[in-house]
Amino acid sequence: MNATPPAHPTTSAMAVVSLIFGIASWCVLPVLGAIVAVIFGHLARGEIRRAPGRLEGDGLAVIGLVLGYVQLAFGLIVLMFAIAAIVLGLSIGFGSSFFH
């Protein structure tokens, strides 16, 4: 039996997962969703490149990657501000006249 490619290409399931988790990273799953979106985005792009003409969805994978990476960067910035606020708050002291 010869396996013939489908008449029209199918969309990569990994690309769809990357997009869904990229969107979810901004709505309900900030860190976990972003990590899953990035991992599946890279896997989907590799899968699509290895199957030229049979799989599509590179744009979906790229959008999932962008959403995931931007969410991770945003999370790191928020974490740095939180750490700076804690350090500055402790260095000022809670019993100082600054708070009265």
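This is a tour of a predicted model, stop by stop, with what to select at each one.

**Before you start**

Residues are numbered from 1 along each chain as its sequence is written. Because the model is predicted, local features need pLDDT of at least 70 and side-chain atom pairs count only at pLDDT 80 or more, while totals for chains, interfaces and linings use all residues; side-chain values use heavy atoms, with hydrogens and water left out.

**Whole chain**

Show the protein chain as a cartoon. Look for 3 helices and 2 strands. Their pattern along the sequence is β-α-α-β-α. Helices (H or I, at least four residues) and strands (E, at least two) are DSSP runs, numbered from the N terminus. Of the 100 residues, 24% count as buried. Buried means under 20% relative accessible area, exposed over 50%, and partly exposed in between (1.4 Å probe, protein chains only).

**Helix α1**

Select residues 13-27. Helix α1 has 15 residues and reaches 21 Å from its first C-alpha to its last, close to the 21 Å expected at 1.5 Å a residue. The expected span is 1.5 Å times one less than the number of residues.

Go to the start of α1. A side-chain oxygen of Ser12 comes to within 3.3 Å of the backbone nitrogen of Met14. A polar contact is a pair of N or O atoms within 3.5 Å; within protein, one must be able to donate a hydrogen and the other to accept it, and residues adjacent in sequence count only if both atoms are side-chain atoms.

Now colour the buried residues of α1: Ala15, Ser18, Gly22, Ala24 and Ser25. Two serines deserve a stop.

- Ser18 has a relative accessible area of 0%, so it is buried. A polar atom of its side chain lies 2.9 Å from the backbone oxygen of Ala37.
- Ser25 is also buried, at 1%. Its side chain reaches the backbone oxygen of Gly22 at 2.6 Å.

**Helix α2**

Select residues 30-50. These 21 residues should span 30 Å at 1.5 Å a residue, and the end C-alpha atoms are 30 Å apart, which agrees. Buried here are Gly33, Ala34, Val36, Ala37, Val38, Gly41, Ala44, Gly46 and Ile48. Ala37 is the residue whose backbone oxygen faces the Ser18 contact.

Leu72 is partly exposed, at 28%.

**The aromatic pair**

Which rings pair up, and how are their planes set? The whole structure holds 1 aromatic pair. The ring centres of Trp26 and Phe74 are 5.9 Å apart and the planes meet at 35°, so the pair is tilted. Trp26 sits in helix α1 and Phe74 in helix α3 (residues 58-92), 48 residues apart. Rings of Phe, Tyr and Trp (its six-membered ring) pair if their centres lie within 6.5 Å; planes under 30 degrees apart count as stacked, over 60 as edge-to-face and the rest as tilted. Trp26 is partly exposed at 40%, and Phe74 is partly exposed at 45%.

**Last stop: the nonpolar patch**

Switch to a surface view. Select Trp26, Val62, Val66, Val70, Phe74 and Val78, a nonpolar surface patch with about 510 Å² of accessible area together. Helix α3 gives the largest share, 5 residues. Val78, in α3, is partly exposed at 43%.

Patch residues have over 30% relative accessible area and no salt bridge; like charges are joined within 9 Å, nonpolar side chains (Val, Leu, Ile, Met, Phe, Trp, Tyr) within 5 Å. A salt bridge is a side-chain nitrogen of Lys or Arg within 4 Å of a carboxyl oxygen of Asp or Glu. Accessible areas come from the Shrake-Rupley method with a 1.4 Å probe; for residues, only the protein chains shown count as cover.
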